[in-house]
Amino acid sequence: MERRKFIKNTLLSTSGLVLAPNIILAAEAKGFGQTTDVDAAINVAGPGKKLVHYWSKCVGAGRANEGLRASWLEQLKLGKELCGFEYCRFHGLFHDDMFVYREVNGAPKYNWQYIDDLFDRILQIGVKPFVEFGFVPKALASTTNTTFWWKGNTSPPSDYTKWGLLISNFIKHCIERYGLNEVRSWYFEIWNEPDLHGFWDGTKTQYFDLYKVSVNAIKTVDPELRVGGPATSNFVPDERFDGEVEDKSKHKTFTVNDINMLEWRGVWIKDFLDYCTREKLPVDFISTHPYPTDWAIDPETKKGGGRVRKVNATKEDLEWLKKTVASSSYPNAEIHCTEWSSSPSPRDATHDSLQAATYLIKANIDGIGIVNSLSYWTFTDIFEEGGAGDSIFHGGFGLINYQGIVKPAFHAYRMLNQLGNEILSQKEGLIVTRDTKTNRIRALLYHYPAEVTNVVGGNVEQLLNTGKEKQFNLDLSGLKPLTVFETDKLDRDNGFSYPKWKAMGSPEPPTREQTNELKRLAMATEKRPLKADHKGNLKQNYNLQPWTCILIKEV
């Protein structure tokens, strides 16, 4: 199974970070060269362009049952409060550990108590469910294949009629419990990555049949409920998914030296749209998972290997999606990328490090205005597809680790969430915004070094020491005299929790006192006050080390 392969043979470094504090200090002491300045002179009273925070529309989590834990809920609440996440998506809603479905003498019996508990709690936090339908309950499985240690049943339903009844009865129950208007605000996605055998033990046609049964079951209850698919995996540059099942002999990634020269495209997207057109089925949104990576078969060794793409691969993928949907029979369908990260590996040391934050900021800002959501996978390391992590920092997907210690990636979303809803200026490494309700100004500066042409990954220490210092010159005018600002800086010394843990001696696990101290240090980005002059001008010059991010916010 594809994600299990990543657990065993990760795309990037998996041995954990080796960046000791003395190495960080030595790197800073030696200094960096300087690259071209970034200059921005902006009259903040001028016109702006609408900005939708598509990055906070949705965030991912592992499986539904994990959401019944107090620590999971606490971390989701923190993500809602500081990162603004609106929806949460997870696997396993109908898995047997949620006790949803069984049969007595061949007749379906439904039990919604565990789902009610989960939905009640996340709704109370202020987050809505982005409902993923999968996997099948064991009583409806047609094969014995499962995924992950918790054995999600990946088979097509043994009885599509009973599957449709499960869906429709679930929808009716949700409407009865939460009200029609509330449920109309949710999204309903059919399955997860059915193009991968590890997640769907069937064919493309069988998945399309599943979508047909599911969308009809939902729309029969209420035609305004939002349904979509095909929830497929990352883009590919070849024909491996053109048939009914993946043809691994057609993997092209290892046949070229530079994979960025290949033409990448979404999986099953066009086929799905064509099928729904022929069958006259509704499609409210298209979903897929544009990880900027590929796990392909090496024709020489016949083994799987990981490759990363260029840094702007995600933007190109989002543009492909927008163009493809616009030219289809469903030009008004929303586009939701319901999983995304720098890599689909839950053992990628980059996830715990500083450069992940800079990449996330850059990729999200580059993709403004293209799709409706780019859902980070995941908000928490309370995530058990491959079992528990061996270390408190094990390269897990989470923005927050198991102990509740935030990572630099969390600060990326926290900073993005504080931007306004109008863009006043945008260029590489800088965005200046305004909030139309308060007229407050927010600017975000980030230094993703030009020397790093691919998505972050590989040797973490080497990457952190790659690149040159860059000068940012920011000149804001049109402010009220003496307007007060605050800078919020994320860098090697501030808001980067991993080195703080190493300085403690890498305790496994940390004591309660150490955990509380790490939580404090992880949140401690550098804050400094600023003030405009008597004429309403604010001029600031920053020499940023690679991977540094600074939020400048009017207070």
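1. A polar contact is a pair of N or O atoms within 3.5 Å; within protein, one must be able to donate a hydrogen and the other to accept it, and residues adjacent in sequence count only if both atoms are side-chain atoms. D159 caps the N-terminal end of α5, with a side-chain oxygen 2.9 Å from the backbone nitrogen of T161.

2. The model is predicted: local features need pLDDT of at least 70 and side-chain atom pairs count only at pLDDT 80 or more, while totals for chains, interfaces and linings use all residues. Residues are numbered from 1 along each chain as its sequence is written, and side-chain values use heavy atoms, with hydrogens and water left out.

3. Helix α5 covers residues 160-178; helices are DSSP runs (H or I, at least four residues) numbered from the N terminus. Its buried residues (under 20% relative accessible area, 1.4 Å probe, protein chains only) include W163, L166, F170 and Y178. Just after α5, G179 takes a positive phi of about 95°.

4. The count of salt bridges (a side-chain nitrogen of Lys or Arg within 4 Å of a carboxyl oxygen of Asp or Glu) comes to 36. E66 and R63 form one of them, at 3.1 Å from N to O. E66 is buried at 1% relative accessible area, and R63 is buried at 5%.

5. K407 and D381 also meet in a salt bridge, at 2.9 Å from N to O. The two residues lie 26 residues apart, in the loop between β16 (373-376) and α11 (408-417). K407 is buried, with a relative accessible area of 0%, and D381 is buried at 5%.

Methods: Expected span 1.5 Å × (residues − 1). Buried < 20%, exposed > 50% of the residue type's maximum accessible area, 1.4 Å probe, protein only.
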